[in-house]
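Reader: I am new to this structure. Please show it to me, and then let me ask about it piece by piece.

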Amino acid sequence: MASHYEAPIRKPLVLGDKGYHDVTVDIAAPVEGKANKQWWIVFTIALVAFLWGLGCIIYTISTGIGVWGLNRTVNWAWDITNFVWWVGIGHAGTLISAVLLLFRQKWRMAINRSAEAMTIFSVIQAGLFPIIHMGRPWLGYWVLPIPNQFGSLWVNFNSPLLWDVFAISTYLSVSLVFWWTGLLPDFAMIRDRAIKPFQKKIYSLLSFGWTGRAKDWQRFEEVSLVLAGLATPLVLSVHTIVSFDFATSVIPGWHTTIFPPYFVAGAIFSGFAMVNTLLIIMRKVCNLEAYITVQHIELMNIVIMITGSIVGCAYITELFIAWYSGVEYEQYAFLNRATGPYWWAYWAMMTCNVFSPQFMWFKKLRTSIMFSFFISIVVNIGMWFERFVIIVTSLHRDYLPSSWTMFSPTFVDIGIFIGTIGFFFVLFLLYSRTFPVIAQAEVKSILKSSGERFKKLRDEGKPLYEKPAAAASVEKAAVTEEKAEADPAQVSSLLDAIGTFDKDNDTADDLKKVKGIGPQMEETLNQIGIFTFAQVSKMTEKEYNLLDSITGSFPGRAQRDDWAGQAKKLNDKK
């Protein structure tokens, strides 16, 4: 009991009367069950957006980059803005997974899996833009150091663009391995619960032979810590190197040393906002309110507030240094941002990134789900405008007034961007239907210290294997009420399908031999009128559903454990 002690002042991270089995059932439910109406609506919208973007990409490649709104002055615009934005969003996954793991933060347990998946999917979106921007992506191998008829082609290793490739590909590789390693116990859990042989085979391959032995867990812990140690420097390096794309130039508004820490803070800022957006949706769609709690949302909002304040300080520092430098080109660049043709983008950036996170100082607002959802979307809109302002306003007014021009995106630019958003959500929604969205093994590891059920037991001074008095009485009352209110028509329909038990001619079987039927469930089945293996063996999906509605406990358990198949084998052995 002492090893699980946690200060009473800390709020529980797992709500409700949840035991270890409840955690397994709840987290496996979105994978094992059917998608609900809300999932299909969101998936359809995302798929339409993705197909629209795919059409724009095909049109771009078949026609040429000229269909974009780029010109000789603003030759980096919409595409590089989206590239930096997507890379920034992917930052929070590694931060939550690696850095918070090293600092042993328990609140990461329920949100790290979705954050890691978000990292993978957002980096995929980011990687699309440089490939498309090549114009002829089928000749992409030209950027590799290869021998050819002109001697040898060697990329410029001093270029920050090349280091972008190294940093982001390394980031993607480490994040992917980290994500997959964490999924192994969950894949094994789905494998062991699978009914269909094909599903069991697929998850057996995905779990890499995980058995849950002590040796497996030892290696799992070691590999997780090593990968966290490798991934932590990537949080700083990836967006630092992205900032070098701009900071190593001599263009006013870009040539500044504050870009590396400023970009990193902005990336964490936008990444946490996107994680917040996804988690608020997932907790509702997948019925995970007991695991992704208001406390999780509040802690995420605190990080958003802190990083938003850092970004605000960076904006002020930029303005001060531009004034203090005495360089008229630099001063004009920042004056043009605030008062020039793109003033609306600048003030949208300031409003969304600097002012909106300050509402999180108020506890009532940062614990409001709807307000948190709204602010997280606002922050990501603001961070997109930040990249747009940095890139476009610095380029459209260069050293030669004769080359000054404006940039406006075409429908192809906009379509490709919307397509990547659709592609991102398509991947995330498919992930939520095939992979457990919460790391059930990690949630179980904090259940005794941070679960509401076990906190109540400690408060009552009882052993952790008992149920709290209040919960036990409520459960007993609920069971009594369910038995009292069992619909006679449903019971009659069930028994008509599987047969009735004749006390004079039939012998009752020990139903506890069927995996998934314990003493309590056997008693419940007997009260309904089910006593033999022969009766259980006749159950189909229709009878399973009737049984679930009658008992009201562990819905889907009978079908998942294949009670009918087990009972048939036991009946044949008699």
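Author: Start with Phe208, which is exposed, with a relative accessible area of 61%. Exposed means over 50% relative accessible area, buried under 20%, and partly exposed in between (1.4 Å probe, protein chains only). This is a predicted model, where local features need pLDDT of at least 70, side-chain atom pairs count only at pLDDT 80 or more, and totals for chains, interfaces and linings use all residues. Residues are numbered from 1 along each chain as its sequence is written, and side-chain values use heavy atoms, with hydrogens and water left out.

Reader: Where does Phe208 lie?
Author: Helices here are DSSP runs (H or I, at least four residues), and strands are too (E, at least two), numbered from the N terminus. Phe208 has a phi near 55°, a positive value in a residue other than glycine. Its place is the loop between helix H7 (197-206) and H8.

Reader: Is His239 buried or exposed?
Author: His239 sits in helix H8 (residues 214-247). Its relative accessible area is 0%, so His239 is buried.

Reader: With which side chain does the side chain of His239 make a polar contact?
Author: A polar contact is a pair of N or O atoms within 3.5 Å; within protein, one must be able to donate a hydrogen and the other to accept it, and residues adjacent in sequence count only if both atoms are side-chain atoms. Plain contact means heavy atoms within 4.5 Å. Leaving aside neighbours within four places in sequence, His239 has contacts that include Val84, His91 and Phe263. The polar contact, at 3.4 Å, is with the side chain of Arg387.

Reader: How far apart in space are Ile27 and Asp186?
Author: Ile27 belongs to helix H1 (residues 20-32). It has 2% relative accessibility, so Ile27 counts as buried. In sequence, Ile27 and Asp186 are 159 residues apart; C-alpha to C-alpha, the distance in space is 9.3 Å.

Reader: How are H10 and H12 oriented to each other?
Author: Two packed helices are described by the angle between their axes and the distance between the axes. Axes are lines fitted to C-alpha atoms, for helices over the stretch in contact, and angles run from 0 to 180 degrees between N-to-C directions. The axes of H10 (residues 294-325) and H12 (residues 343-355) come within 9 Å and cross at roughly 140°. Angles under 35 degrees count as roughly parallel, over 145 as roughly antiparallel, 65 to 115 as roughly perpendicular and the rest as oblique, so H10 and H12 are oblique.

Reader: How many aromatic pairs does the structure hold?
Author: Rings of Phe, Tyr and Trp (its six-membered ring) pair if their centres lie within 6.5 Å; planes under 30 degrees apart count as stacked, over 60 as edge-to-face and the rest as tilted. The count is 52.

Reader: What is the angle between the planes of Tyr342 and Trp344?
Author: Tyr342 is buried at 3% relative accessibility. Trp344 is partly exposed at 40%. Their pair is tilted, 6.2 Å centre to centre, with the planes at 55°.

Reader: How many residues apart in sequence are the parts tied together by Phe388 and Phe407?
Author: Phe388 and Phe407 form a tilted pair, 6.5 Å centre to centre, with 50° between the planes. Both are buried. Phe388 lies in helix H14 (residues 369-395) and Phe407 in the loop between H14 and helix H15 (411-434), so the pair ties together parts whose separation in sequence, in residues, is 19.
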